[in-house]
Amino acid sequence: MIFQCGDLERALRTPELMPDARAHAERCEHCRTQLYLWAEISRVAPELHQDWESDRLWPRIQASLMAEPVKARSRFSPFLRLTLAAAATIALAVVLLYPRHTMPPADELLTDAALSQVQQAEAAYAASIANLAAVAGPELQKSPSPLSAAYREKLTMLDSAIAALKTTAAQNPYNAYLRSELASLYGEKKRTLEEWMKDAKRN
Amino acid sequence: MVGASQLALMGRLPTADYQSEAELLAACRRREIGAFEQLYRTHGARLKSIAYHTAGNRQDAEDAVQETFLKAYRAIDGFTGASAIGTWLCRICINACYDLVRKRQLETDRTQPEGPRISPQPQQALRAQLDQALGRIDARRRMVFLLFAVEGMKHSEIAAILEIPEGTSKAWLFEAKRELQRLLTETRS
């Protein structure tokens, strides 16, 4: 092959042509320089790696990581998390929107005395359900059966809905509708726990 | 905010060694600071160098590396493990650098509309000439050159970081070298 300056580009891409390119470069100063630079770029490049002492960088990073709020690690699958989020959103939307259309406030608002009674009863009811949950809970958490898993999921959803409703009720303490909804959710939780205990005894 | 006493305490925290990447990833997902420290010890130097060449100075490079770890800490649950953690960190770092460069560019445009960032003072040594030439070539080709020729990464890793085919990585490396060769020839003549 008669190698010419115009072949250099092709030679750089094709290692088989390099011997011809080198032979040509012995007679051609331009190509000699080009080949020299091509090789030097690869040789010198690693020297461009930059490293310097930065003793304060890791402590800075560490401080910024520790200042980050630690997200609660979810024990549930993404699908279940989505379902729970959707259920909580729907529950909240129902609670927030429904009373505006249906509730005649004058009739259904509680007086101070009635509110105090309701709150006491509600606290006692919640405490009794918490006791029930404490009795059933350890066994329920341990049980590997799919039925128990379904009960656990339902209870988690109920707890989530109760928490959301309690927050709303705290902002509207005199709203009797919210109180009755809360009571019905507590009732549902109680029934669920009782059902599971019955099933557990049967099996 | 973390106070001085907490910072002092942090300095004494023992560092854990995670034997496998899976173990390390699991610890990162538990938000164990020691796991992130191991990532820093393993990949920090390379990230700093990449950030330096992209951002242009050490202070910005360190800021970009800090931002990299913060983003990784926040996003670790979304990391599927499809690539190596180091590859993922590199990708975050490069994006953090580009964000920083854009921000700095805006600041420069506001404060110094005319001043060039890099001193035009001529450099004679080939290393310095190459360093300067590198700043003048296309950003994507520069990044491939940086990762391959400077940081010693493989084309398969570069392809994963930049989300390009391996063949493109090879082609861009060749084009980067040709462009650098042209610029160095100009400088020397």
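Q: Glu163(B) first: is that residue buried or exposed?
A: It's exposed: Glu163(B) has 8 other C-beta atoms within 10 Å. Keep in mind that we're looking at a predicted model.

Q: Where is Glu163(B) found?
A: Glu163(B) is in the loop between H8 and H9 of chain B.

Q: What's its phi?
A: Positive, about 55 degrees, although Glu163(B) is not a glycine. For background, most residues other than glycine have a negative phi.

Q: OK, and Arg31(B), what's the phi there?
A: Arg31(B) has a positive phi too, about 60 degrees, and it is not a glycine. Its place is the loop between helix H2 (21–29) and H3 of chain B.

Q: Is Arg31(B) exposed or partly exposed?
A: Partly exposed, because 18 other C-beta atoms lie within 10 Å of Arg31(B) and the exposed class stops at 12 or fewer.

Q: Switching to helices. How do H7(B) and H8(B) cross?
A: Their axes come within 10 Å and cross at roughly 140 degrees. That makes H7(B) oblique to H8(B), since an angle has to be over 145 to count as roughly antiparallel.

Q: Left-handed or right-handed?
A: Right-handed, as H7(B) passes H8(B).

Q: Which residues meet there?
A: From H7(B) you've got Met143(B), Val144(B), Leu147(B) and Phe148(B). On the H8(B) side they meet His155(B), Ile158(B), Ile161(B) and Leu162(B).

Q: Now Ala55(B). Where is that one found?
A: Ala55(B) is in helix H3 of chain B. It's a buried residue, with 21 other C-beta atoms within 10 Å.

Q: What is Ala55(B) in contact with?
A: Leaving aside neighbours within four places in sequence, Ala55(B) is in contact with Asp60(B), Ala61(B) and Ala64(B), plus Cys97(B), Leu100(B) and Val101(B).

Q: And what separates Ala55(B) from Asp99(B)?
A: Their C-alpha atoms are 9.5 Å apart, while along the chain Ala55(B) and Asp99(B) are 44 residues apart.

Q: Let's do chain A. How many helices and strands?
A: Nine helices and zero strands. Along the sequence the pattern reads α-α-α-α-α-α-α-α-α.

Q: How much of chain A counts as buried?
A: 15% of its 203 residues.

Q: What about contacts between residues 24 or more positions apart?
A: Those account for 61% of the contacts in chain A with a separation of 6 or more.

Q: What does H8 of chain A look like?
A: Helix H8 of chain A covers residues 146–171, so 26 residues, at an expected 1.5 Å a residue. From first C-alpha to last, H8(A) reaches 38 Å, close to the 38 Å expected.

Q: Which residues of H8(A) are buried?
A: Tyr151(A), Leu158(A), Ala161(A), Ile162(A), Leu165(A) and Ala169(A).

Q: Last topic, the contact of the two chains. How many residues does each give?
A: Chain B gives 36 residues and chain A gives 31.

Q: Which helices of chain B supply at least two residues each?
A: Among them are helix H1 (4–11), helix H3 (33–55) and helix H4 (58–75). Helix H6 (126–134), helix H7 (139–150) and helix H9 (166–188) of chain B also each supply at least two.

Q: And the classes on that side?
A: The side of chain B that touches chain A divides into 20 nonpolar, six polar and 10 charged residues.

Notes. Residues are numbered from 1 along each chain as its sequence is written. Chains are lettered from A and ligands numbered from 1 in the order in which they are written. This is a predicted model: local features need pLDDT of at least 70, side-chain atom pairs count only at pLDDT 80 or more; totals for chains, interfaces and linings use all residues. Two residues are in contact if their C-beta atoms, placed from the backbone, lie within 7 Å. Helices (H or I, at least four residues) and strands (E, at least two) are DSSP runs, numbered from the N terminus. Ala, Val, Leu, Ile, Met, Phe, Trp, Tyr, Cys and Pro count as nonpolar, Asp, Glu, Lys and Arg as charged, and the others, Gly among them, as polar. Axes are lines fitted to C-alpha atoms, for helices over the stretch in contact, and angles run from 0 to 180 degrees between N-to-C directions. Angles under 35 degrees count as roughly parallel, over 145 as roughly antiparallel, 65 to 115 as roughly perpendicular and the rest as oblique. A crossing is left-handed if the near helix is turned anticlockwise from the far one by less than a right angle, and right-handed if clockwise. A residue is buried if 20 or more other C-beta atoms lie within 10 Å of its own, exposed if 12 or fewer, and partly exposed in between; C-beta atoms are placed from the backbone.
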